[in-house]
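Hi there,

Here is the structure I promised to pass on. My notes on its salt bridges follow below.

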Amino acid sequence: MIQMQNRKSCYCAFCKNTRKVYASKHMSLSGIVGMVLLSYVMTYAIWHQPDIRGLIIMGTLLMVGESATQLRWRQSMVCQHCGFDPVIYVRSPELAGAKIKDFMKTRSERPEYLLKPALNLAPRRVPAENTQPRGENLSLRG
C-alpha cells in the first residue's frame with residue numbers, strides 16, 4: 001500500500017472546503033538517492049561498467065524528477081472545488097478572480113460537478129438602488 005506521506009490536508013481560502021495538497025515543492029532526499037541509483041543501474045546496463053557518461057544520465061534524471069515534483073505541487077495548489085489558485089492570487093488578485101469566474105462558469109455547465117460538495121461562499125452584500133435612507137419613517141400611518 002502506497003502512503004501519501006507528503007500530502008497534507010488544508011482548507012481552501014476561498015470556498016472553505018477541505019482538500020489535500022503536496023507539502024513539498026522539491027524532491028526529497030530519498031527521491032534524489034533513488035534517481036542516483038537508477039542512473040548507476042542504467043549506466044551499467046548500457047556500458048557494462050561505471051562510466052563518466054552516466055553523469056549525463058544522472059543529471060537528466062534529476063532534472064526530470066525535480067520538474068515532475070514541482071509540476072505535481074503546482075497542480076495540487078489549485079482548488080478542485082472552486083478553482084482558486086493561491087499562487088496566482090499572491091501575484092495578481094484580479095487574475096485569480098477572473099480564473100475563479102471562468103471555473104464557476106465551467107462548473108455550472110458540466111454535470112459531473114453536481115455530485116461535488118457545495119461551495120461555502122460568503123454571501124455578497126450589494127446595496128440596492130431603491131433603498132430608503134436610514135431614519136426615514138416607513139410606517140403606514142402617514
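Is Arg74 buried, exposed or partly exposed? Arg74 counts as partly exposed, at 25% relative accessibility; buried means under 20% relative accessible area, exposed over 50%, and partly exposed in between (1.4 Å probe, protein chains only).

Before the rest, a word on the basis: this is a predicted model, in which local features need pLDDT of at least 70 and side-chain atom pairs count only at pLDDT 80 or more, while totals for chains, interfaces and linings use all residues. Residues are numbered from 1 along each chain as its sequence is written, and side-chain values use heavy atoms, with hydrogens and water left out.

The structure holds 3 salt bridges, each a side-chain nitrogen of Lys or Arg within 4 Å of a carboxyl oxygen of Asp or Glu.

Arg74 is part of one of them: its partner is Asp85, with the closest N and O atoms 2.6 Å apart. This pair links distant parts of the chain, 11 residues apart, with Arg74 in helix 2 (residues 54-77) and Asp85 in the loop between helix 2 and helix 3 (86-91). Helices here are DSSP runs (H or I, at least four residues), numbered from the N terminus. Asp85 is buried, at 7% relative accessibility.

Another salt bridge joins Asp51 and Arg53, at 3.0 Å from N to O. Asp51 is partly exposed at 23%, and Arg53 is partly exposed at 41%.

Then there is Glu112 with Arg110, whose side chains meet at 2.6 Å, N to O. Glu112 has a relative accessible area of 41% and Arg110 one of 40%, so Glu112 and Arg110 are each partly exposed.

Best wishes

Technical notes:
Helix = DSSP H or I, 4+ residues; strand = E, 2+ residues; numbered from the N terminus.
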